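Hi everyone, thanks for coming. I'd like to walk you through one model this morning, so please have a look at it first.

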Amino acid sequence: MSEVMLVNGLTFKHNKQNRWLKKPEVFALGPIELSVNRSETIAIIGENRSGKSLLAKLLVGAVKADEGEIFLSNVTYNAAKKKSTKSYNSSNDIRMIFQHSTEAMNPGIPVGRILDEPLALNTDLDEKARRRRIEETLVQVGLLRDHYYFYRHMLSDGQQQRVAIARAMILQPKILVADEPFAALDPSVRSQTVNLILSLQKELGLAFIFITHNLGIVRHIADKIIVMENGKIVESGKTETIFRWPQHKMTKKLIESYQSLVPQQTLT
Amino acid sequence: MPQYSLYQEESQPSPWQRTWEEFRASHIAFTGLIILTLFFFIALFAPIVAPYDPLQQNIDVLLVPPSWESNGTITHLFGTDALGRDVFSRIMVGCRVTFGSSILLVLIAMLVGVTVGTIAGMTSGVRSSVINHTLDALMAIPTLLIAIIIVAILGTGLVNSMWAITLALIPQFIHHTRAFVRSEMKKEYILASRLDGATSKQLFFHSILPNMIEMLVVQGSLALSIAVIDISALGFLNLGAQPPLPELGVILADGLDVAYIAPWNVALPGLTIFLMVLAINIVGDGLRSALRKRLSH
């Protein structure tokens, strides 16, 4: 098991008196310690407003942290707003799937061009090679080559989700961060997507960090669980350990609410 | 490349094809387009198509009524004015002057306005809000009034009035572009592109501009109709194009002297301006709804 990512003392403080935020509130995240191994699946659970999405955005670099370091393949890239870190292009190795795949797709350009953008910006491939790569990726996530020409409004939610996955996959990253990737999907499409990600993980050996409220999926696919409350990691560990012997109050609550559903499901 | 065909409709219509199909479905918009194309044609080929020289005076045929009147002749389709000039030729060349210069100045205003508006929208802080609020104050004044003030400083003439209207139109473009870019920058797909490593320039051309076309069409057609009205208004007030030059507003002002004995000298250029503005607005509206439908179903 080789380590691909190490997060060290990552903190984020939201205490600026921003104008658009009416009530002045203090929200602090972290310090977060986290290590991710190759082809490992990590689930982040917790209630709303516990800082899960913010953590995901910090990990991919969409939001700059205040303190702390992230080592990605032994290169620091997000150390607390230092300008020098920009030189390392993190987008090749870590990619994000956004919470709302509909909003994360540009409505004005076809799927092909959406997928072309990361390739054109981050690789040296010429147009033909990019085209081939896009088509391969589309097929890989279970779409057709013809979807190259499709616009957002022509695709269903599940297909949009697949495009979002394709967009994340196309640069062949080492880590995939997903913010509630299964929330808006119906059970069959959800399991298709889960299987898709699992098979991609097996093929490419990528680490997968995801945020979810669905503990069933967590138990099914996650290797490790991180429980968050008020911007802090309150408990973390192997999935089975957490499910069987939850230590923290928060974890117990979450697990109990999940367990209470399970017998009913098995009865029917 | 599709190697096998799964769908009945084999071709993937490009966005422009889809827009065109949506546009054609609306009969009113299509009629407007035909009229506008006619004006385009006249604006391009007026000197070749016009039967007479618009400036040539002919004392033998003073104030000849239009051809549909009982005492009119077919040689002068729209009759002649007080100096014996052919009204039909004058209106054709007048369309060229008014319509052509309006298109030109709207394009310039759009280019400048969108550039400044984009810069204002993508930056934040003091600079951006200074640009915005100064120009918001300017937008409270009607464009014609600003144009009259600018003409008063620069002096009369068609070119000066064109500059004046261009300057008066720019704030609108800046305001709308800025508002649009700001709202767009908050969306998640911009964040996604930014994570891909796109610079601000790439973000604009690749992600924002394709979505901005609808707004540009609406603002462009509005500005074009304002420009046509303003240019002819300045010409009519004798502040813009000067009398020998056949410009629709000038023709209208010339005809006003003989309006009682020769009403066609006023009615026909006035009707032309009306038709022109109507066609521009109808086409703009149709194009807007077609562009919106292109991305909705």
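**Two chains, one model**

Let's start with chain B, which has ten helices and zero strands; helices here are DSSP runs of H or I with at least four residues, strands are E runs of at least two, and both are numbered from the N terminus. Before I go on, a word on the ground rules: this is a predicted model, where local features need pLDDT of at least 70, side-chain atom pairs count only at pLDDT 80 or more, and totals for chains, interfaces and linings use all residues. Residues are numbered from 1 along each chain as its sequence is written, while chains are lettered from A and ligands numbered from 1 in the order in which they are written.

Back to chain B. Its C-alpha trace spans about 75 × 55 × 25 Å along the principal axes. Of its 297 residues, 42% are buried, meaning that 20 or more other C-beta atoms, placed from the backbone, lie within 10 Å of the residue's own.

How many residues does each chain bring to the contact? Chain B brings 21 and chain A brings 24, with contact defined as C-beta atoms, placed from the backbone, within 7 Å. On the chain B side, helix H7 (188-195) and helix H8 (200-236) each supply at least two residues. H7(B) gives the most, with six.

Now over to chain A and its sheet. This is an open sheet of six strands with mixed pairing, in the order S6-S7-S8-S3-S9-S10; strands pair if DSSP finds at least two bridges between them. Strand S6 (94-97) and strand S10 (232-238) of chain A have a single partner strand each, so they stand at the edges with one side lacking a neighbour in the sheet. S10(A) pairs with strand S9 (residues 224-229) of chain A in the antiparallel sense, over six bridges. In that S10(A) strand, Lys232(A) is the bridge partner of Glu229(A).

Last stop: two helices of chain A. The axes of H2 (residues 111-122) and H4 (residues 157-169) of chain A come within 9 Å and cross at roughly 25 degrees; axes are lines fitted to C-alpha atoms, for helices over the stretch in contact, and angles run from 0 to 180 degrees between N-to-C directions. H2(A) and H4(A) are therefore roughly parallel, a label for angles under 35 degrees. Where they meet, Val111(A), Ile114(A), Leu115(A) and Pro118(A) of H2(A) face Val163(A), Ala166(A) and Arg167(A) of H4(A).

Happy to take questions!

Technical notes:
Parallel < 35°, antiparallel > 145°, perpendicular 65-115°, else oblique. Contact = placed C-beta atoms within 7 Å. Buried ≥ 20, exposed ≤ 12 C-beta atoms within 10 Å, placed from the backbone.
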